[in-house]
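I opened this entry to keep a record of what I looked up, one topic at a time. The sequence and structure come first, and my notes follow.

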Amino acid sequence: MAGNILNRLFRLNFPDCTREALMFLTSFISQDCPTIPGLSANTEQMIVEICQEFVLFKSMRGPQKKLTEVQELHLLDMICKCFSEAPEKSKYRIFNLMFGLVSLALSVRCTPVLFCAAIWMQERDSLSPDVKGLTQRLVSDYCLLYPDPSSVFSSLPSVSPLFACNFVTSATSFYSFAGADSLPPLSLLQHVSDWVYKDNTMCCESLRQATIHSAYTTPFPGLTGWCVRGPVVCCQLKERGPDCPISNVHIEQLLQCLNKLHLALLQSLVFTASVNLSPGLISASDLAHIGQTLHVVCSPKPKHEELAACNIALERLAQILQVASTTRTYIPDRGKIKEMEILAKEKLPYCRLLNMVLNKQLNPDASIKGRVTS
Amino acid sequence: MELSDVDWLVMRARSFPKNDPYSAKAWLITAKSLYPQSFVIQFESYLVEKTAKNVDEAARNLQDMLQNFPHEPVLWSEVHSILESLQKEPQDQKVSFLTDLFAAIPTSTQCLMVLHVSESIPDVLDRCQLLLLAMKKFPNLVQEHGLKLVEMLLKEETKSGIVNNPVNCYRKLLVCDVMPMVLHKGGHLEFNMFHLLQKAIEFHLSYVSQPNTHDHTTDTESTKLSLKIGRVGGGFPEMDLQVADPWGNLFRLLILIGQRLNWDMERDLVMKNKEYQIQALQHQLMRAKVTGAEINNKQILHTAMVLFVYSMVNYVSFIGTDSSSTGKSIDLTTNHPVPSVPVVLLEVFNCSRAGASVPSRSKKQKLDVSAPTIHCSSGIASPTAMLQAFELAVKCFEILNSTEEMKFEFYHLCQNWRKETQSMLSYFQTDMCIYQGNYQDAVMHLQSLTVPSNSKMKVRNSLQMASCYFGLKQFAKACEQVLDLVDTIPSSGPMSSTLSADDSTEEKGETKSGRRLLMLQCLDGEVLPFCLHFLIAGLKEKLASPQRTDSTLAHLIILLQHDWPKHESTFSEVISIIQMHGSFTYNTFFSYVHQVDILEEFAFLDTPEGGKVNLDIMPISTKALAQQRTVTRGVNKGVKEDFRATLEKQVSSAAEPADVLIRRFLKEEREEILKNFV
């Protein structure tokens, strides 16, 4: 039966071959799988091949089939339909198959499938558990299994910027960088800081889709959180001495990546100032929330080193707030800024830059002139 | 004291270690966002990018600052240093970064930079050099600023008052650097291109004809000069006024102008080598002349003008005048060796037909139909090139004088020439007149030349003068010139006897019609035979005339000893005249006649077979002897025996060389010889 289906599919043209393939995969997973205890190696190989040939269109046999844009849309439609029509109980299994599919699509740089997956992530909400699951799978495939820089992964933004964008959003929610247990893997941080540094538009990709897909999240708040909390968390880890789960070298590398990432974020903001983007890359509320989380992370009575780290954190927060507030993609909220001011005054160490920036936010006219001349 | 916010931000940005290139930038982005009107912050971020060698970022920063802070002196001094780096050697890393930086800035801003900085430079020359430099690096600037530069230079040249000396720094910059660039790259040109071409001709002509007075080049001083060079007033560093290939440059300008005016010429002529260009221009000139359309007039005029000055100067440098390249062994403008002695163009007069060959001025044009042939002495270095230059110059000169309009333009071109160029033109015109058989004008041009008495040109001029007077049948003047000349030429070695052209006049002259001209080197070996040729020819003229005396015949005989037996036929002629006359008196005969053949002939004349001519050629006159002694037969017989004895003695005695003898004769008997022509 397995051989038959492949032979039959090869005789069909697009979109019939894909439709048939998806139907087969759905029914195979919904009905046959539970009855057969474990897929044999042969069967698994066949499933991969069907995915590759008729869903990803990266043929192992003949010449590459190139889909037109209309055909890509058709493909997307079929995949979505496949998901929606699949029986409830097998959705997860199909979904699981899709995880593998996305990982595979990434490895063969299959733009249409990555785009489909990106839209799916966006529709699904980048912070949802399903999407987190996918993210985790990808991180383990590309960042943990192969700690060496993967050329496939480093070129992800150029293959599918939207996918990269949503992937980063999801990654920041999975690895919140709020303590030792939520540190992002170094290679992930390296990739992400590199992506944003090299491509100042990447963080805006999901925002660009906002007019088509009402639901979106951006990687910006999450990445800002990394840059702000990172120095404090790293400092606390260092202070644990022998208890620290990672080496000092590793910590230094993380901090260096954060330096780069922080500049990349500012540059991305400067970039958005010159293009016409709808608001929503980051909001005052996001920043106020980051301030809160920083307060949570910080020790009640920080020592000298942590105090310095905390100052770096606050300065970064201030810098992002300042530069973001001059762009049209920032969502202001005077109440939230007030909240931040109170937090800064009462709960956090003094930071001249943050004071300067908050002051300017709250008194836009008065703040500048006096200081320039002083 | 607490720092102001701005200063504090800059201080913080500077506080990060070198291994953290990101944080400083992050701070500066924030600072810029906080204080967008602060120049200090913007300049700091420019410096950060510059230090990090980020060309694009630094360029963007610079451009932003030029837009937003156009009045900051610090910014302009930075711009100035960038522009200065453009003219340095690119080996230096810092310099090459600045050059890249400038290149990364949009053209409009580049222009702004250059213009602003150049306006701030008070010296026009410095300003022009800066603009020029920028245009060289970025040809897209030419379109906008080329014309301005041309106008600026023209204006400044006039203003500075050195316009009378075309070889000045403004003109050089204009014709050697600006014009080629503007003509090549510039857009629509509104100015009069012919006016500019005239300026270019003036410059190049003056440049190649200027006396080379300073050979001690001070390289060390002049190589350092950059923006601060070339003050007005003659004190230019020499290096600065050197032109590598002046003629090549002039041809290039002509071709570029021609292309702009859609003259019919090869598309890529400007890329070809100079020799090819000259050929092409020459053909094109002849073609344009043949079609004769009104529209071609400008093309004919200017092509002829350029080709004329080129070939004229080239020819004059071949003849090796004082004014062309004094003291140099190689002519720097034409790259051919400068002759150590001048080369002179002379007409060879065919003795028996001398009268017929002198055309009257009215008949000149007709006679010129068959152009005379020019023979070159074998000692001349590159005769073909020299003759080509001469013929081209003559052709162009004729074209330039063919219509009133061209005459006017040509006159206009010539009137501002410097003295050296004027005398070059006189030399050429002299030769051209001789070539055309127009001796009257040739004499006029020769007289206009003021030549120092010790000059090597003195000989040349006297020779030509003699040639012209001969042509005008003013033998006395011609002879006087020749005799003066012989007096001044030092004797060194034997005269040349292998003078091909001189031979040819004797051998082939009769058979071939048309005038013959000769190019000689002003060496005594070549000049003396020619002088003798003049004298012999002049005396032969007198053979048939009633003023002829025995002295005339004697003088001729003495001269005929030169290169004996070349003139044997003339000698026979003289002998038959003596025989016809029956007597011959010349008492200094034995002082100057040593040639055995001639002496034998005289011995023969004395015999009955020889006609028993009554010869009175003994140092003491036969008549006087006769008066002394009693006139008897016996005494007379004694005289006869004396004559024989003297003849025999003369034959056996060791003779001085013929040329020494003849020189002595010319010197001692100068007055007697001149009497022949009175």
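**Chain B overall.** I began by noting that this is a predicted model. For chain B I looked up the secondary structure and found 33 helices and five strands. Of its 678 residues, 40% are buried. I then took the contacts in chain B between residues at least 6 apart in sequence, and 69% of these join residues at least 24 apart.

**A helix pair in chain B.** I turned to helix α15 (residues 297–319) and helix α18 (residues 383–400) of chain B, whose axes come within 8 Å and cross at roughly 145°. I recorded the crossing of α15(B) and α18(B) as left-handed. On the α15(B) side the residues that meet α18(B) include Ala304(B), Leu307(B), Phe308(B), Ser311(B) and Tyr315(B), and among those they meet in α18(B) are Ala389(B), Phe390(B), Ala393(B), Cys396(B) and Phe397(B). Sorted by class, this contact of α15(B) with α18(B) has 17 nonpolar and two polar residues, and no charged ones.

**A helix pair in chain A.** In chain A I looked up helix α7 (residues 129–144) and helix α10 (residues 161–174), which pack at an angle of about 95° with their axes 9 Å apart. The two helices, α7(A) and α10(A), are therefore roughly perpendicular to each other. Among the residues that make the contact are Val131(A), Thr135(A) and Leu138(A) of α7(A), together with Phe167(A), Ala171(A) and Phe174(A) of α10(A). I noted six nonpolar, four polar and one charged residue in the contact of α7(A) with α10(A).

**Between the chains.** Last, I looked at where the chains touch: 16 residues of chain A are in contact with 14 residues of chain B. On the chain A side, the elements that give two or more residues are α14 (248–273), α16 (304–325), α18 (352–362) and α19 (366–373) of chain A. Helix α14(A) supplies the largest share of that side, six residues. By class, the side of chain A that touches chain B has seven nonpolar, six polar and three charged residues.

Terms used: Residues numbered from 1 in each chain as written. Chains lettered and ligands numbered in written order. Predicted model: local features only at pLDDT ≥ 70, side-chain atom pairs only at ≥ 80, totals over all residues. Helix = DSSP H or I, 4+ residues; strand = E, 2+ residues; numbered from the N terminus. Buried ≥ 20, exposed ≤ 12 C-beta atoms within 10 Å, placed from the backbone. Contact = placed C-beta atoms within 7 Å. Axes fitted to C-alpha atoms, helices over the stretch in contact; angles between N-to-C directions. Parallel < 35°, antiparallel > 145°, perpendicular 65-115°, else oblique. Nonpolar A, V, L, I, M, F, W, Y, C, P; charged D, E, K, R; others polar. Left-handed = near helix turned anticlockwise from the far one by under 90°.
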